[in-house]
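Subject: Structure handover

Hello,

Here is the structure you asked to look at. Please open it next to this message and follow along.

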Amino acid sequence: MSKRRLKLSKISALHYFKLFFRSFLFIAATLLYIINKTNSSDEAFGGYENDPFILSFIWIVFVIEMILRFFPSKFESMGCQKQFKKNFIQTESDTPRNQPFRITLLVAAVWILLNGIVGALYFFKIIDGGILLLISLAYSVCDMICILFFCPFQTWFMKNKCCGSCRIYNWDYIMMFTPLVFLKNIYAQSLFAIAFALFVCWELSFYIHPKRFSEETNACLSCANCKEKLCHHKKQLRGFLKKNKHLFTLSGNRTIGKILHRNDKKKK
């Protein structure tokens with residue numbers, strides 16, 4: 001008997017929409033940048049970066065997303081909503097078990113180092129402001145990939161079981177907009193400022209109410225009360241890739257075989 005497929009939750013569907021929208025922005029911006037650099041234009045995005053309507057639209061979309069994080073919302077993941085009192089249900093345990101501070105500090109250090117290199121490249125004029133914007137948009141796409149498919153922070157650093165118990169969930173926007181801190185632009189700087197305010201509120205909530213962030217003390221974070229089922233979708237994807245691994249391997253071997261065959265012909 002085949003296993004019943006899990007229905008996509010509304011929050012998960014919204015995440016997929018964000019993934020497609022952000023991917024579209026990134027691809028469109030990348031194409032514009034390449035076209036204008038190829039034409040030796042002084043404008044990174046063909047002048048679109050100076051269009052107040054386009055800038056305002058993109059700015060408003062991300063600002064609304066961030067503002068929603070400051071308040072309880074049904075359209076957001078429990079991972080970023082657990083700091084609110086309404087999402088706290090005390091369990092029998094009174095001892096929270098959260099990720100050690102040294103791990104979160106390590107993640108912060110790695111991120112600062114990575115973007116410090118990006119900032120240095122910009123400072124020495126190896127890359128321009130257009131590249132900084134493209135990196136920020138790439139980060140926004142990677143943010144959705146981390147939620148829906150694979151998260152390196154979860155796997156390599158935090159070791160949390162899912163997004164719901166993630167210690168650094170609300171770090172996403174400040175991570176996304178870190179490259180913008182180097183740009184002297186009101187849109188860029190305001191996005192980073194709001195993201196930083198969201199980050200500060202999250203950290204203060206964690207230190208004031210640590211019980212809300214731990215499954216041991218907050219029943220809302222238990223698997224039984226989860227409404228998103230994102231981990232199930234990730235397991236389905238991993239299961240599909242594992243089940244069809246031989247197809248990818250066979251395809252790769254065929255490609256390698258063709259290359260070797262062509263090389264043999266050239267030698268002859």
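Predicted model: local features only at pLDDT ≥ 70, side-chain atom pairs only at ≥ 80, totals over all residues.

Overall fold

The protein contains nine helices and zero strands. The protein has 268 residues, and 39% of them are buried. If you take the contacts with a separation of 6 or more, 75% come from residues 24 or more positions apart.

Helix 3 and helix 4

Two packed helices are described by the angle between their axes and the distance between the axes. For helix 3 (residues 101–123) and helix 4 (residues 129–148), the angle is about 155 degrees and the axes are 10 Å apart. Angles over 145 degrees count as roughly antiparallel, so helix 3 is roughly antiparallel to helix 4. The crossing of helix 3 past helix 4 is right-handed.

Which residues make the contact? On helix 3 they are Trp111, Leu114, Asn115, Val118 and Tyr122, and on helix 4 they are Gly129, Leu132, Ile135 and Tyr139. Sorted by type, the residues of this contact are seven nonpolar, two polar and no charged.

Glutamine 81

Glutamine 81 sits in the loop between helix 2 (52–69) and helix 3. Is glutamine 81 buried or exposed? Its relative accessible area is 1%, and buried means under 20%, so glutamine 81 is buried. Apart from neighbours within four places in sequence, glutamine 81 is in contact with Leu68, Phe71, Pro72, Ser73, Glu76 and Asn87.

Salt bridges

Side chains of opposite charge can pair when their charged atoms come close. How many salt bridges are found in the whole structure? The search gives nine. Three of them are described here, one after another.

Glutamate 65 and arginine 22 are both buried.

Another salt bridge is formed by arginine 69 and aspartate 172, whose closest N and O atoms are 2.9 Å apart. Arginine 69 belongs to helix 2 and aspartate 172 to helix 6 (residues 172–176), so this pair ties together parts that lie 103 residues apart in sequence. Arginine 69 has a relative accessibility of 4% and so counts as buried. Aspartate 172, at 6% relative accessibility, counts as buried too.

A further salt bridge runs between lysine 211 and aspartate 94, with the closest N and O atoms 2.5 Å apart. Here lysine 211 is in the loop between helix 7 (186–208) and helix 8 (230–243), while aspartate 94 is in the loop between helix 2 and helix 3. The two residues are 117 residues apart, and the pair links distant parts of the chain. Is lysine 211 buried or partly exposed? Its relative accessibility is 28%, so lysine 211 counts as partly exposed.

Finally, salt bridges that share partners join Arg22, Glu65 and Asp143 into one network.

Regards

Definitions and conventions. Residues numbered from 1 in each chain as written. Heavy atoms only, no water. Axes fitted to C-alpha atoms, helices over the stretch in contact; angles between N-to-C directions. Helix = DSSP H or I, 4+ residues; strand = E, 2+ residues; numbered from the N terminus. Parallel < 35°, antiparallel > 145°, perpendicular 65-115°, else oblique. Left-handed = near helix turned anticlockwise from the far one by under 90°. Contact = heavy atoms within 4.5 Å. Nonpolar A, V, L, I, M, F, W, Y, C, P; charged D, E, K, R; others polar. Buried < 20%, exposed > 50% of the residue type's maximum accessible area, 1.4 Å probe, protein only. Salt bridge = Lys/Arg side-chain N within 4 Å of Asp/Glu carboxyl O.
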